[in-house]
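Have the viewer open as you read.

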Amino acid sequence: MKNKSRSYRNKIGLPPGSLVYIGEERKEKVTISEIDFSSDHCKEIDLKKVTECNSWDNPDSVTMLSVIGIHNMGVIEESGKHFSLDPMILEDIVNSQSRPKLEEYDEYIFFPLNILGLDLISNEITTERISLLLAKNGVISFQENEIQIFNPLIERIRNGKGLVRKRKSDYFFYRLIDIIVDNYFLVIEHLADRIEELEKKILQESNEGAHEEIYDLKRKIGFVKRTISPLRECISNAKKSEGELLSESAQNYFKDIYDHIINQIDTLDSQRETINDYLNLYMSSMSNKMNEVMKVLTIFASIFIPLTFIAGVYGMNFEIMPELEWKYGYFVTWGAMLLVVILLLIYFKRKKWL
Amino acid sequence: MKNKSRSYRNKIGLPPGSLVYIGEERKEKVTISEIDFSSDHCKEIDLKKVTECNSWDNPDSVTMLSVIGIHNMGVIEESGKHFSLDPMILEDIVNSQSRPKLEEYDEYIFFPLNILGLDLISNEITTERISLLLAKNGVISFQENEIQIFNPLIERIRNGKGLVRKRKSDYFFYRLIDIIVDNYFLVIEHLADRIEELEKKILQESNEGAHEEIYDLKRKIGFVKRTISPLRECISNAKKSEGELLSESAQNYFKDIYDHIINQIDTLDSQRETINDYLNLYMSSMSNKMNEVMKVLTIFASIFIPLTFIAGVYGMNFEIMPELEWKYGYFVTWGAMLLVVILLLIYFKRKKWL
Amino acid sequence: MKNKSRSYRNKIGLPPGSLVYIGEERKEKVTISEIDFSSDHCKEIDLKKVTECNSWDNPDSVTMLSVIGIHNMGVIEESGKHFSLDPMILEDIVNSQSRPKLEEYDEYIFFPLNILGLDLISNEITTERISLLLAKNGVISFQENEIQIFNPLIERIRNGKGLVRKRKSDYFFYRLIDIIVDNYFLVIEHLADRIEELEKKILQESNEGAHEEIYDLKRKIGFVKRTISPLRECISNAKKSEGELLSESAQNYFKDIYDHIINQIDTLDSQRETINDYLNLYMSSMSNKMNEVMKVLTIFASIFIPLTFIAGVYGMNFEIMPELEWKYGYFVTWGAMLLVVILLLIYFKRKKWL
Amino acid sequence: MKNKSRSYRNKIGLPPGSLVYIGEERKEKVTISEIDFSSDHCKEIDLKKVTECNSWDNPDSVTMLSVIGIHNMGVIEESGKHFSLDPMILEDIVNSQSRPKLEEYDEYIFFPLNILGLDLISNEITTERISLLLAKNGVISFQENEIQIFNPLIERIRNGKGLVRKRKSDYFFYRLIDIIVDNYFLVIEHLADRIEELEKKILQESNEGAHEEIYDLKRKIGFVKRTISPLRECISNAKKSEGELLSESAQNYFKDIYDHIINQIDTLDSQRETINDYLNLYMSSMSNKMNEVMKVLTIFASIFIPLTFIAGVYGMNFEIMPELEWKYGYFVTWGAMLLVVILLLIYFKRKKWL
Amino acid sequence: MKNKSRSYRNKIGLPPGSLVYIGEERKEKVTISEIDFSSDHCKEIDLKKVTECNSWDNPDSVTMLSVIGIHNMGVIEESGKHFSLDPMILEDIVNSQSRPKLEEYDEYIFFPLNILGLDLISNEITTERISLLLAKNGVISFQENEIQIFNPLIERIRNGKGLVRKRKSDYFFYRLIDIIVDNYFLVIEHLADRIEELEKKILQESNEGAHEEIYDLKRKIGFVKRTISPLRECISNAKKSEGELLSESAQNYFKDIYDHIINQIDTLDSQRETINDYLNLYMSSMSNKMNEVMKVLTIFASIFIPLTFIAGVYGMNFEIMPELEWKYGYFVTWGAMLLVVILLLIYFKRKKWL
């Protein structure tokens with residue numbers, strides 16, 4: 001959730017299509033891997049260059065090309081040339097801050113989007129950019145790191161399970177997006193868990209740190225919402241795409257993803273509402289506590305200050321103070337003080353302060 | 001109102017159409033019952049398997065098939081095969097968390113929605129998923145439990161009363177939805193009752209627990225609103241459906257349901273507004289109380305602290321303190337103290353604090 | 001402004017078109033009256049049954065039929081049969097809680113709406129349901145009570161004044177609605193008067209009861225807004241109706257009503273804004289008062305507590321306390337105390353607390 | 001800014017087109033003046049009756065007819081007859097409360113709108129209704145008072161300067177509206193000046209009267225916004241009018257007015273935002289002051305109350321109190337008290353209260 | 001960020017197209033410079049008058065004409081005549097307060113917009129108006145000052161680098177706008193930096209000046225948002241322009257700018273949300289501090305006031321006070337006082353105030 005947008009600074013004044021990596025600094029080497037499969041074969045190769053990819057033009061198999069590391073401009077440019085991609089696409093691939101969008105070109109559907117994850121140690125939400133390119137014979141993915149959440153799908157392809165081996169690249173493309181969107185649920189459920197814990201805390205009136213937690217959750221819900229909501233339009237476009245790259249059956253599957261995204265946005269909206277309610281509850285419980293503190297002070301002060309005054313009066317050293325010589329003066333004074341206490345207690349009782 | 005969405009966790013990475021039950025864990029056996037009726041007959045049968053249903057293909061009678069228990073994937077899959085349902089429909093049937101929607105297929109109208117109820121012991125609002133499937137010759141309902149609110153309608157069918165025996169499956173479908181929507185009024189009226197009680201409480205300034213109640217009502221109004229509002233679009237679609245499954249007269253009836261839903265959403269909006277006003281009123285009454293507490297403290301302290309000071313002065317032990325030897329010194333001091341009290345009382349009176 | 005919607009309870013499970021009266025319980029007998037007029041005659045008759053109405057089918061005169069009392073299902077059903085009304089219309093007529101709407105049927109325009117009034121004793125806003133039915137030869141009105149605000153119009157008809165005698169039923173229909181909408185201004189002006197009084201109160205800082213008044217006004221403005229705002233759509237539909245029941249000239253008149261409703265909604269929105277400003281002003285004036293109370297306390301306590309301490313010191317009974325034996329010890333002490341007071345007063349003056 | 005809408009009361013029950021003046025009571029005589037000009041002549045005449053206007057039908061000159069005083073129903077009715085105006089137009093002319101709108105009739109464009117001004121003595125915003133009627137050969141304006149802001153334009157016409165003498169009535173109509181809209185900037189700039197002064201006040205933390213000023217500005221900004229915003233739609237309609245009254249070049253000029261209105265609405269929105277920020281700043285500065293008051297009280301009380309207690313202890317009169325007989329008891333006590341003060345000062349310092 | 005709109009005052013009553021400079025007063029001389037380039041040449045000339053520009057009509061080169069200084073009406077009028085610009089364009093050029101808009105004329109595209117910058121000394125955001133005019137053979141820019149941010153582009157043109165020398169004027173036009181929009185990121189990142197610093201401050205609870213900073217940031221975010229958001233519509237229009245001035249490839253580039261603007265508006269919205277959260281956090285931390293202050297006061301007062309009372313009692317001078325004569329009276333009293341302290345400490349501990 002770091003605001004990395006400041007690297008935009010480096011881009012000002014450069015011509016369009018200038019490839020400037022925008023994101024956290026990275027030094028890792030770029031790795032390129034290829035999976036090529038059809039209903040009767042599946043092979044995996046690690047490539048040195050994207051130009052080594054031979055199976056791409058084969059219309060009978062689906063090829064998945066993963067370029068891991070978008071900070072190496074050379075590799076990106078090479079890919080651009082090899083697959084004749086629009087320079088604008090390349091610019092968006094290396095800008096990990098750009099807004100998710102689904103753009104249909106004649107030969108490609110370009111879909112950069114974000115994968116959300118949880119850093120289990122810091123409890124922070126992590127975000128990773130992946131740019132998917134759907135072509136007739138395969139899918140190219142440009143990503144910052146290796147993406148673990150695709151592993152079960154890759155495993156199924158290796159083992160020949162499921163439909164994916166039997167279908168075209170558009171189905172595979174759908175499956176990748178489906179996994180990414182399903183994965184958002186994990187983050188949303190993590191937030192739900194924390195909201196539930198917060199609720200317990202607040203209902204037990206142990207407000208220690210509650211406000212910071214409320215504020216942290218607000219920020220995170222807002223962040224997740226901002227990450228997911230641009231997808232609504234993207235998927236909606238995919239659903240009714242008129243190009244040839246997405247078959248009708250794939251479009252049907254996108255309806256399902258669309259439902260998930262609407263569901264997620266709904267949940268996030270309701271979480272935000274809940275958090276705002278908690279903020280209110282917290283503020284009013286603070287106010288309540290203040291009231292209680294003030295009541296205690298008022299009761300103590302209002303009872304003992306008059307008593308102290310009475311004691312003060314008979315501590316005066318006037319030569320002539322008749323009461324001082326009375327036999328039961330001291331005891332009468334005690335009685336008077338007791339009376340004052342009782343009257344005040346009744347008064348506070350009536351005001352319902354006790 | 002439990003957030004059960006976390007079972008989504010189990011679905012990530014599975015191919016589409018994978019049936020994973022999402023909802024509370026259940027162990028009950030699935031029961032399947034059938035009612036078949038036309039204007040001149042009505043028979044009820046308990047089935048072991050959906051495939052036993054013989055009357056389904058009979059165009060002269062309306063068949064209602066209730067599958068109670070959506071946690072058994074076997075039964076759902078069997079139904080899917082027997083009635084040739086889209087895998088996406090099956091996935092939605094077993095996902096009790098999905099958003100209500102009305103989808104028109106060639107052979108079916110699929111309408112998953114939620115039934116709201118009241119748990120009279122815990123005062124909680126309960127929610128149950130029911131998925132209705134309207135076909136040419138009947139209605140299939142997939143539900144979590146037996147649904148009591150349909151009983152009066154079933155009874156009328158048994159006794160041959162009313163229009164439902166004389167009409168087609170679309171009328172029966174309408175009647176089921178009408179009952180579900182009418183039932184929402186019960187929950188909304190329950191909320192209205194609680195808001196009225198809350199109003200009394202707040203106007204009597206007995207705020208004990210008022211904030212928790214306000215917060216609880218806010219949460220519940222929001223929950224009911226979120227449950228009902230997706231239906232607006234669904235019913236609106238039904239109203240203007242262009243398929244053959246809903247006859248024109250049935251569409252007319254859906255206008256009536258549409259009016260009810262708009263009415264319910266209006267009522268919930270106005271309830272939310274009222275609750276927010278109460279929250280404000282509550283906050284300001286807390287502020288008022290604080291003010292009163294502070295006034296009492298200020299008046300007591302401001303009167304007695306100066307008096308105590310005067311008493312303190314004549315409690316000093318200086319050898320030469322002329323006043324101490326005056327004959328009426330003690331009484332003059334009392335007089336002075338009385339004067340101070342009177343002046344302060346006038347001062348507070350002027351400030352309208354008394 | 002009572003929430004009467006709870007009678008919906010009785011309707012659940014009944015078939016559509018079941019007539020269940022929804023509203024306050026009433027026992028009065030239903031009365032039916034008829035006015036029939038054309039440019040050259042005007043006759044008034046009290047009917048026992050709606051079927052007695054003979055002039056209805058006469059295309060040369062306009063007939064106004066008023067059915068007062070919608071709690072008698074028999075009369076409503078009879079009307080339904082006699083004038084062949086859709087069962088859905090009848091259901092809406094007896095449901096005084098339903099949302100205003102304008103529905104065009106082939107033979108009728110059905111327009112249920114609410115009349116607002118003022119109960120001058122309790123200062124409450126009253127609401128009455130009236131359902132107007134425009135037909136080719138007349139208007140039928142179903143209402144809960146006799147409606148006084150139509151009297152001037154009726155009088156003009158009796159006396160043969162104005163256009164209404166010369167025109168068709170659609171003009172008469174327009175005139176009835178115009179009167180109802182104009183009447184809303186009365187209620188809005190009543191609210192404006194109360195807001196003005198409230199302003200005076202708040203500016204004079206006499207906040208006694210101000211918050212309850214603010215809250216009451218908020219509630220009432222919201223209620224009136226909710227009553228009026230559905231009419232915007234209704235009248236807008238009437239304005240551009242394509243049926244034959246509303247002539248073009250009548251549609252022109254509806255433009256005028258539309259302007260009035262927009263004006264009313266604008267006024268109510270601005271009143272709501274004003275009320276929210278007052279709420280803010282009130283809250284901040286409470287805060288101001290609190291500040292003042294605290295300042296008085298702080299000044300009193302900060303001045304006299306140190307003085308009391310000084311007096312306390314010389315009230316100690318140590319055997320060796322040199323100051324006590326000084327000749328001017330007592331007077332020096334007084335001087336010291338005076339100095340403390342002056343310094344503190346300067347301090348508070350600098351802080352602008354005095 | 002007085003709410004004059006209550007005069008609506010008098011209209012209820014009257015037929016449409018009934019002329020009832022709605023606005024402040026006025027007694028002045030109605031004056032009617034005419035300016036007739038073309039590229040080669042310009043004459044001004046004061047008329048007694050609108051029927052005296054001869055140049056109206058002359059297609060070669062532009063005639064401006066100003067009717068000052070809309071409270072005289074006779075003159076308005078006469079104008080209506082003479083120029084054959086729709087009764088609805090007349091009703092809107094005399095209702096100075098109606099919402100600005102631009103209505104196109106076959107022969108006229110009717111445009112009632114409000115002129116804003118500043119009463120320099122009371123600092124209040126004044127509003128005046130003007131109803132403009134554009135016809136083929138001239139413009140009729142119905143207004144409450146003489147309108148000073150048109151004088152420069154009239155002067156230019158007299159002197160034959162500028163384009164207006166050379167163009168048709170639609171250009172003149174545009175120029176009148178342009179002047180009215182430009183004049184709104186004066187009021188908006190007055191508000192901007194007051195907001196700037198308020199800012200200075202608040203930043204110097206001299207909050208005396210700040211809240212009343214905030215509230216007054218909020219109210220005025222809202223009022224100006226409500227006056228201007230209906231014009232957006234009106235001018236937008238004029239811009240794309242399809243009638244023959246507005247030539248294409250005039251429509252182009254209306255684009256310019258449209259830009260001004262959008263600019264004004266933007267400015268008002270940003271002013272409202274600023275005012276809300278000031279309100280917040282004010283509230284938080286009040287809270288800050290309260291905090292400071294409480295700190296002073298707490299520091300004084302916390303330091304001197306323990307000291308007073310110590311002094312009180314050695315003021316007790318027990319026969320056996322060893323310390324009293326110690327030689328340095330008194331001085332040790334002073335030392336102890338000093339120690340308490342120092343410790344407390346360190347404590348408060350650490351809490352950053354000092 | 002000064003509100004300069006008050007100079008509108010001078011315009012009222014003037015005919016349309018009257019050139020009145022609206023902006024800060026300036027005295028500098030107007031300078032005019034020309035760059036003319038094609039793929040094989042590039043020359044720069046400083047002109048005295050716009051009429052001296054010879055290369056403008058040459059269809060084979062792109063001419064950039066910069067008029068620096070829009071406060072000299074003579075130069076503007078001359079330009080208007082020489083390039084036959086609409087008077088409305090001229091009026092907008094000299095009004096540096098007008099709203100950005102993109103207007104397509106037959107021969108020109110007119111696009112006045114604002115450049116944002118940072119005054120590094122005062123930390124204020126500066127704004128400068130530039131009006132771009134795209135023609136077939138070149139671009140004219142009217143600006144208040146020389147604009148530094150174009151220098152890298154000019155340098156590239158001089159050196160013959162990049163595409164711009166090879167393309168038409170529309171590409172050059174796009175590049176200018178791209179630079180301006182990219183430059184907005186600098187300001188947004190400056191705001192992001194300040195928000196981050198503010199966060200640190202608030203989390204360390206050192207609220208000194210935090211509120212002023214919050215308020216200043218709110219104001220600035222609002223200002224930047226208002227500056228950028230009208231461009232959304234402008235660029236969207238450019239993207240789908242149907243005129244001949246923007247070639248299809250240029251329109252494609254505008255899509256990229258559009259994405260940037262959406263991204264910027266998103267970021268500003270999220271910044272505003274964050275700032276509001278900080279305001280909340282700040283307010284609640286103030287409330288927390290108040291609570292703490294009150295607790296300290298209450299604890300001190302509640303402990304020592306009763307003790308002082310006890311001491312006061314045995315400071316009374318009654319002749320008969322049995323306790324005073326007890327041998328261990330003094331010590332028993334100390335014990336009692338200790339007991340009171342312990343009980344109160346337990347009480348406060350239980351309330352979790354310690």
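What follows goes from salt bridges to a surface patch.

A bit of bookkeeping: this is a predicted model, where local features need pLDDT of at least 70, side-chain atom pairs count only at pLDDT 80 or more, and totals for chains, interfaces and linings use all residues. Residues are numbered from 1 along each chain as its sequence is written, chains are lettered from A and ligands numbered from 1 in the order in which they are written, and side-chain values use heavy atoms, with hydrogens and water left out.

Side chains of opposite charge can pair when their charged atoms come close. Here, a salt bridge is a side-chain nitrogen of Lys or Arg within 4 Å of a carboxyl oxygen of Asp or Glu. Searching the whole structure on that basis turns up 85 salt bridges over all chains.

Start with Asp277(E) and Lys218(A), whose side chains form a salt bridge at 3.1 Å, N to O. Asp277(E) sits in helix H6 (residues 248–313) of chain E and Lys218(A) in helix H5 (residues 210–239) of chain A, so this pair joins two chains. Helices here are DSSP runs (H or I, at least four residues), as are strands (E, at least two), numbered from the N terminus. Are the two partners buried or exposed? Asp277(E) is buried, at 10% relative accessible area, and Lys218(A) is buried at 18%. The cut-offs: buried is under 20% relative accessible area, exposed is over 50%, and partly exposed is in between (1.4 Å probe, protein chains only).

Now hop to chain C, where Lys49(C) and Glu78(C) meet in a salt bridge (2.9 Å, N to O). Lys49(C) is in the loop between strand E2 (41–47) and strand E3 (62–68), while Glu78(C) is in helix H1 (residues 73–82), so the bridge ties together parts 29 residues apart in sequence. Lys49(C) is partly exposed at 40%, and Glu78(C) is partly exposed at 24%.

Also in chain C, Asp269(C) and Lys225(C) form a salt bridge, with their closest N and O atoms 3.1 Å apart. This one links helix H6 (residues 248–313) to helix H5 (residues 210–239), across 44 residues. Asp269(C) is partly exposed at 28%, whereas Lys225(C) is buried at 18%.

Finally, the nonpolar side: Leu338(A), Leu339(A), Ile342(A), Leu343(A) and Ile346(A) make a surface patch of about 490 Å². Patch residues have over 30% relative accessible area and no salt bridge, with like charges joined within 9 Å and nonpolar side chains (Val, Leu, Ile, Met, Phe, Trp, Tyr) within 5 Å. Ile342(A) belongs to helix H8 (residues 329–350) of chain A and is partly exposed at 44%.

Note on methods:
Areas by Shrake-Rupley, 256 points an atom, 1.4 Å probe, with all protein chains shown as cover.
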